[in-house]
Amino acid sequence: MVSPSTRTPLSLSPVRPGAAGATPTGRTLMIHPPYVHDNYLAGTGPFSPDRLPFLPVAPLYAAELLERHGIAAPVLFDCQLHDLRQADDLETYDSFGIAVMGAQNITPAAHVHRYLTVDRQLPADRVHVGGQGVEKLSREEFARIFPGAHKSERHPLATLPDAMDIDLRGQIDKIAEEDLRIYLAHEMTLPFSQGCIFGCSFCGAQTRKRESFFNVRAHLATTCELAERFGVSDLNLYCTSLDFFQQALPGGDLDLLTGQLETVIELKESHPGLTIGLHALTRADSYNAAMRSDTVRDLVLRAGFDRFGFGADGAASVAVLRAMRKHADTLRSDLITAFQHMEENGLVPEILYVFGVPEDTRETLAETRDLCGLLLETFPSSEYRGFPAKNEIPGNANWNRAGWKGSEAHHRLLDQPDHFLNLGFEALANDISHPDPETRLLVNHYAVDMSRHAHELGRVRSYLTVPVAEPDVPIMDDATLGTFRDIITHYAPDLAPDLTTDNLSERRAALNASIPKDY
């Protein structure tokens with residue numbers, strides 16, 4: 001961390017009219033909360049660093065805009081690597097920014113807020129909470145979770161003239177070298193684009209918006225130079241696109257994407273000592289549309305992309321896949337076409353399948369399980385990233401639907417923010433996401449069974465965690481618990497043998513701290 005005495009003084013300009021409370025001002029500590037399952041602020045236990053820390057790009061991006069426009073003098077505090085309880089200078093800051101990535105991150109963010117305002121008794125009106133996880137909360141919802149704090153909207157910063165063009169070099173230069181070495185040893189984030197033309201109801205990101213691109217050249221150049229500075233030879237980068245190939249669909253401009261790929265290739269070739277691997281999310285239809293061009297395929301491979309994650313639910317069927325295995329080519333779906341193309345070109349397809357959407361039945365859940373298993377078996381390069389559905393999360397179209405707003409589960413989230421942990425995509429179905437006990441047990445049966453299958457094949461990249469639940473709320477039946485125990489034995493052999501449906505909830509924290517973090 002950079003101490004206050006080492007920061008360069010900054011001449012701050014007044015906050016623009018109408019923006020009072022919208023953004024932190026003055027000397028600002030930008031706080032990235034702990035990972036939800038390594039949340040030392042939730043108890044009195046000792047601090048331990050995050051298992052798979054990542055450079056927190058979102059608060060750094062906001063910090064750079066705040067500093068560049070003379071609004072605040074920010075510095076990062078990353079709770080992944082440092083114990084906030086050991087920070088002895090909190091009282092010297094004019095304001096605090098708490099970054100919330102997604103729904104489950106509201107839980108540790110609420111603990112940061114509580115630590116600042118209750119344990120350290122700092123004025124709540126110095127605290128600003130922002131990020132994708134909270135920006136769609138209503139004013140009343142936000143106030144119940146973060147009493148007295150300001151809700152920082154993206155708009156005041158996102159509409160600044162250079163909002164998409166900045167780089168983070170100035171903010172990164174403030175970070176201690178030992179922290180930078182840790183970040184570089186793990187997956188890094190490459191700000192690539194934001195916005196997606198589709199409006200999926202489950203998505204809490206920026207949907208129904210035209211894709212816009214960040215300054216990819218500047219961000220990648222900074223990362224490459226850091227790697228060379230610290231003698232790192234391999235970089236693993238996650239691109240922020242919601243649908244990487246959407247410019248290939250009708251109405252898009254594929255030249256926008258190919259131009260960015262050419263930039264990546266140019267920078268990669270200018271750093272010959274680095275091995276760069278990239279991955280992103282996409283849809284099967286947009287991937288297929290883009291890959292009809294051999295030029296695009298070659299650019300993707302030359303840029304260093306090695307995997308793409310597919311939101312696959314509903315894209316194929318067991319019957320189609322079985323027919324494909326019998327070489328009935330005319331029956332292929334978009335998904336299968338994409339998987340086969342990736343396998344032929346040495347790319348890894350990730351199976352992002354969802355168990356337990358409201359329309360699911362026992363039959364459709366069984367078919368989903370069979371399809372995921374067959375995809376793994378049919379395409380040996382594929383990897384599994386399945387998770388139980390979370391139909392209502394802040395920011396998606398379902399959050400404000402009649403029947404959810406004002407429901408018992410909705411009120412419980414606002415009054416007990418620890419339950420936002422249950423909205424994490426890796427969390428097993430629970431009484432927040434699936435209030436009907438029979439449905440909840442059924443969803444977890446198929447999700448856990450498929451996870452074990454992927455573990456047995458050694459091709460799993462998502463890990464199911466235990467949700468917050470009262471002892472009398474069943475999460476799984478005895479048969480499912482037996483399957484779950486088979487998985488847990490790999491990670492927590494001391495906890496697995498006497499695990500029962502009755503003690504599952506009380507052992508949640510210990511179990512989740514042992515289960516690998518999704519990557």
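User: Into which class does Arg-68 fall by its relative accessibility: buried, partly exposed or exposed?
Analyst: This is a predicted model, in which local features need pLDDT of at least 70 and side-chain atom pairs count only at pLDDT 80 or more, while totals for chains, interfaces and linings use all residues. Residues are numbered from 1 along each chain as its sequence is written, and side-chain values use heavy atoms, with hydrogens and water left out. Buried means under 20% relative accessible area, exposed over 50%, and partly exposed in between (1.4 Å probe, protein chains only). At 41% relative accessibility, Arg-68 counts as partly exposed.

User: Which residue meets the side chain of Arg-68 in a salt bridge of 3.0 Å, N to O?
Analyst: A salt bridge here is a side-chain nitrogen of Lys or Arg within 4 Å of a carboxyl oxygen of Asp or Glu. Helices (H or I, at least four residues) and strands (E, at least two) are DSSP runs, numbered from the N terminus. Arg-68 and Glu-64 are four residues apart in helix α1, so about one helical turn separates them. At 9% relative accessibility the partner counts as buried, and the residue that meets Arg-68 at 3.0 Å is Glu-64.

User: Which residue forms the 3.7 Å salt bridge with Arg-68?
Analyst: The side chains of Arg-68 and Asp-162 meet at 3.7 Å, N to O. Because Arg-68 lies in helix α1 and Asp-162 in the loop between α4 (155-158) and α5 (169-172), the pair ties together parts that are 94 residues apart in sequence.

User: How many salt bridges does the count come to?
Analyst: The pair of Asp-50 and Lys-517, both buried, forms one of them. By this rule, the count comes to 32.

User: Which elements give two or more residues to the lining of the second largest cavity?
Analyst: On a 1 Å grid over the protein atoms alone, a cavity is a set of points where a 1.4 Å probe fits but cannot get out, and a pocket is an open set with protein on both sides within 12 Å along at least five of seven lines; lining residues have an atom within 4 Å of a point. Grid points are joined across faces, edges and corners, and a volume is the space filled by probe spheres set on the points. The second largest cavity has a volume of about 80 Å³, and its lining includes Leu-168, Met-188 and His-219. The elements giving two or more residues are α5, β6 (188-190) and α7 (216-229).

User: Which element gives the most to the lining of the second largest pocket?
Analyst: About 410 Å³ of space lies in this pocket. Of its 20 lining residues, His-37, Asp-38, Asn-39, Tyr-40 and Ala-509 lie nearest the centre. The elements with two or more lining residues are α2 (106-119) and α17. With four residues, the element that gives the most is α17.

User: Within what arc do the buried residues of α6 fall?
Analyst: Helix α6 (177-184) has Asp-179, Leu-180, Tyr-183 and Leu-184 as its buried residues. The arc is that of the directions from the helix axis to the C-beta atoms. Seen down the axis of α6, its buried residues line one face of the helix, because they fall within an arc of 135°.

User: Which residues does Thr-368 touch, not counting those up to four places away in sequence?
Analyst: Thr-368 is found in helix α13 (362-378), and is buried with a relative accessible area of 11%. Taking contact to mean heavy atoms within 4.5 Å, Thr-368 touches Tyr-353, Val-354 and Phe-355.
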